[in-house]
Amino acid sequence: MTGGKRQWWTWLLAAAAVALAAWPLVEYWLTNPDDQRLVDLDVYRTGGEMIREGRPVYEFFTPAPQLLPFTYPPVAALLAVPLAMMSWTTAQWVWTIGVFAALAVTVWFSFKQARADKKPLLFALAMVCCTYLMPIRDQVRFGQVDILLVALCVADLLAVRPKWPRGFLIGLATAVKLTPGVFLIYLLVTRQWRTFWMACFVAALLTVLPFAVIPQDAAAFWFSALLDPERLGSNAATTNQSVRGMLIRLYLPDLLTSAIWVAVIAFIGWYGFRGAYRAYQAKDMVTAVALTGLMAVLLSPVAWIHHLAWVVVVLGAIVGDGRDRVRLWVAAGVWLYYVVPVPWWGVSLKALEIPAVSPVLGKIVQNGYGLGAIALVWLLAAWLPKRRGILAD
């Protein structure tokens with residue numbers, strides 16, 4: 001009994017430490033000027049309001065200066081209705097707490113090999129470190145949904161004995177935002193047929209359902225809004241760290257850009273899913289999930305910095321059981337790289353206009369997070385298995 005009580009108090013202290021460490025970040029963004037605060041949450045909530053009022057979901061824009069449209073599938077608008085029923089202040093706090101709850105789920109499963117699920121202080125350390133990754137800071141800043149989708153996919157694939165049909169959460173995540181659909185490819189490649197069919201069934205059901213409830217909005221998304229990539233924002237912006245975003249910033253002819261993009265993502269997809277399959281065969285499920293998550297970023301036409309919330313899972317895969325010092329140092333380097341604002345350093349470097357240096361080096365640094373994600377694919381698919389082999393020998 002004494003040991004159980006001690007464990008309970010230790011977890012309470014760990015939660016308090018995380019809350020204390022995260023508070024400056026939360027306070028900073030939740031006291032930001034109202035028109036700059038959790039702007040993506042405002043989009044979700046306004047989408048729910050449009051449903052309640054019977055107005056077209058894909059025709060509204062949030063107030064100036066943001067002027068953001070609803071870009072998610074129609075089922076996401078249906079799920080946002082409860083947010084629209086809350087006051088704006090309540091919705092901000094509910095969503096922010098949800099972001100950290102989703103991060104906790106992701107850390108719990110991603111660092112399980114290091115026994116973070118059994119060691120409260122280690123769990124707290126991982127939580128605090130991951131909270132200050134730039135992709136996670138942006139979850140709080142914008143009120144983004146990405147870490148929730150990461151948590152759904154991670155829990156679905158890494159829970160030992162899930163209380164739900166495995167594949168259900170992946171299907172839900174895919175229906176809410178299309179990029180988790182890469183996990184359907186992963187399930188196909190690894191021949192997890194039951195999970196694959198469950199995920200497909202749930203995604204299809206939640207895609208068809210809006211046609212019965214809000215048919216005009218469903219048709220507007222699938223036959224119009226989805227086909228307009230600029231609806232998501234400027235694809236050439238620094239925050240788009242997908243392969244396509246990096247190529248667009250080279251300002252080549254559109255046809256050539258598209259051709260190079262297709263060739264590059266075909267190779268990255270082949271290499272990444274092959275690595276995920278091999279990790280699955282080696283029973284390294286965290287690495288398999290991390291690689292597939294990176295595919296969701298790199299293969300997507302648009303991938304904002306906050307989409308790189310998958311770095312949390314990548315760090316868990318690199319750390320492993322925590323006994324390899326080299327892997328710990330590599331994890332520390334990856335963590336630091338995604339804490340500092342590398343792409344914005346590239347923008348500043350380009351602005352210096354140093355002949356023969358600024359244009360080239362600045363462009364490379366500007367694409368730093370996307371290029372880093374490509375390097376992480378190699379790290380997980382090639383370096384990590386060799387590292388395990390060295391230790392085994």
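**Close-up views of a predicted model**

View 1. At 12% relative accessibility, Arg 45 counts as buried (buried means under 20% relative accessible area, exposed over 50%, partly exposed in between, with a 1.4 Å probe and protein chains only). Its side chain meets that of Glu 49 in a salt bridge, 3.5 Å from N to O (a side-chain nitrogen of Lys or Arg within 4 Å of a carboxyl oxygen of Asp or Glu). Glu 49, at 22%, is partly exposed. Both residues belong to helix H2 (residues 39–53), four residues apart, about one turn of the helix; helices are DSSP runs of H or I, at least four residues, numbered from the N terminus.

This is a predicted model, where local features need pLDDT of at least 70 and side-chain atom pairs count only at pLDDT 80 or more, while totals for chains, interfaces and linings use all residues. Residues are numbered from 1 along each chain as its sequence is written, and side-chain values use heavy atoms, leaving out hydrogens and water.

**View 2. Asp 324 and Arg 387.** Here a salt bridge brings the closest N and O atoms to 2.8 Å apart. Asp 324 sits in the loop between helix H16 (311–319) and helix H17 (325–337) and Arg 387 in helix H20 (residues 368–392), so the pair ties together parts 63 residues apart in sequence. Asp 324 is buried at 6% relative accessibility, and Arg 387 is buried at 17%.

**View 3. Asp 321 and Arg 323.** Another salt bridge joins these two, with the closest N and O atoms 2.9 Å apart. Asp 321 is partly exposed at 35%, whereas Arg 323 is exposed at 69%.

Notes. Helices (H or I, at least four residues) and strands (E, at least two) are DSSP runs, numbered from the N terminus.
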